[in-house]
Amino acid sequence: MEIDSKNLTDITDHELIKMIVATKDPQVFGVLYDRYAEKVFHKCIGFVSNTDEAQDLTHDIFLKLYIKLKSFNHEAKFSTWLYTLVYNHCVNYLQRERKSDKEELFDTENSEEQEGYEDIEDQAIYNLKFEKLQQALEKLDVNDKMILLMKYQDNFSIKEICQAYEISESAVKMRLNRAKTRLISIYNKI
């Protein structure tokens, strides 16, 4: 089946994905790649701050995407699903790197209790100074960084974050609040 990639630029992500899954045509996948490669690269550079490393991560993510594309269920927006894949890949990569460097990570997966965390308003995050915020984000646990970037950089709704993590709304709100508390604590120490 001959596919004209020039005509593919106008179709939706969902239609494009269906074509990729059905045909496994690399040219059709190339259209999807062209739509999202720069955005994925910028997400990666936000995690690793190194161009070569971010390019490698972007390449790895698109390989993983090609393999996992058939599991996309079309219920969420494709961009939300893709960014979740990006975040998870980058977090896993950084955790492996940190473990190899023998750094200890916070365990954010175990307890969903909100012990010792005050309720932080969003405005407190918006008022932070950019350079100091960047430094604090670099020191923050990658899981906390991931959920904060989803919420404040990529404007994911609570519902979209629930879908990405496959957890309840209250668990998302608790994780966000803990991450904000930790970020502000690190920020105030810089």
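Predicted model: local features only at pLDDT ≥ 70, side-chain atom pairs only at ≥ 80, totals over all residues.
Trainee: What does the protein chain average?

Mentor: The average pLDDT is 83, and 85% of the residues score at least 70. Watch residues 102–114, where the pLDDT is below 50. Beyond near neighbours in sequence, that stretch has 22 contacts in the model, a contact being heavy atoms within 4.5 Å.

Trainee: How many helices and strands are there in the protein chain?

Mentor: Helices (H or I, at least four residues) and strands (E, at least two) are DSSP runs, numbered from the N terminus. This chain has nine helices and zero strands, so by that definition the pattern along the sequence reads α-α-α-α-α-α-α-α-α. Among contacts with a separation of 6 or more, 68% join residues 24 or more positions apart.

Trainee: How do I read "buried", and what percentage of the residues in the protein chain is it?

Mentor: Buried means under 20% relative accessible area, exposed over 50%, and partly exposed in between (1.4 Å probe, protein chains only). Of the 190 residues in the chain, 46% are buried.

Trainee: And the largest nonpolar core: how many residues does it have?

Mentor: A nonpolar core is a set of buried Ala, Val, Leu, Ile, Met, Phe, Trp, Tyr and Cys residues joined through side-chain atoms within 4.5 Å. The largest one here has 60 residues, and those with the most contacts inside it are Leu32, Phe47, Leu65, Phe78, Leu82 and Leu183. Helix H1 (13–23), H2, H3, H4, H6, H7, H8 and helix H9 (169–189) each supply at least two of its residues. H2 gives the largest share, eleven residues. Take leucine 82: leaving aside neighbours within four places in sequence, this residue is in contact with Tyr36, Val40 and Leu65.

Trainee: Where is lysine 145 found, and why is it called buried?

Mentor: Lysine 145 is in helix H7. Lysine 145 is called buried because its relative accessible area is 4%. Not counting residues up to four places away in sequence, lysine 145 touches Gly46, Phe47, Leu137, Glu138 and Leu140.

Trainee: What does leucine 149 touch?

Mentor: Leucine 149 also lies in helix H7 and counts as buried because its relative accessibility is 11%. Setting aside residues up to four places away in sequence, leucine 149 touches Phe47, Tyr87 and Asp154.

Trainee: Where is leucine 8 placed?

Mentor: Leucine 8 sits in the segment before H1, and counts as buried at 5% relative accessibility. Its C-alpha atom is separated by 9.3 Å from that of leucine 32, 24 residues apart along the chain.

Trainee: On to pockets. How much space lies in the largest pocket?

Mentor: Rolling a probe the size of a water molecule over the atoms shows where empty space is left. On a 1 Å grid over the protein atoms alone, a pocket is an open set of points where a 1.4 Å probe fits, with protein on both sides within 12 Å along at least five of seven lines; lining residues have an atom within 4 Å of a point. Grid points are joined across faces, edges and corners, and a volume is the space filled by probe spheres set on the points. The largest pocket holds about 460 Å³. Of its 18 lining residues, Trp81, Thr84, Gln163, Ala164 and Glu166 lie nearest the centre. Helix H3 (51–68), helix H4 (78–100) and helix H8 (158–165) each give two or more residues to that lining, and H4 gives the largest share, seven.

Trainee: And how much space lies in the second largest pocket?

Mentor: About 380 Å³. There are 17 lining residues, and the closest to the centre are Leu133, Gln134, Leu137, Leu149 and Gln153.

Key. Residues numbered from 1 in each chain as written. Heavy atoms only, no water. pLDDT = per-residue confidence, 0-100.
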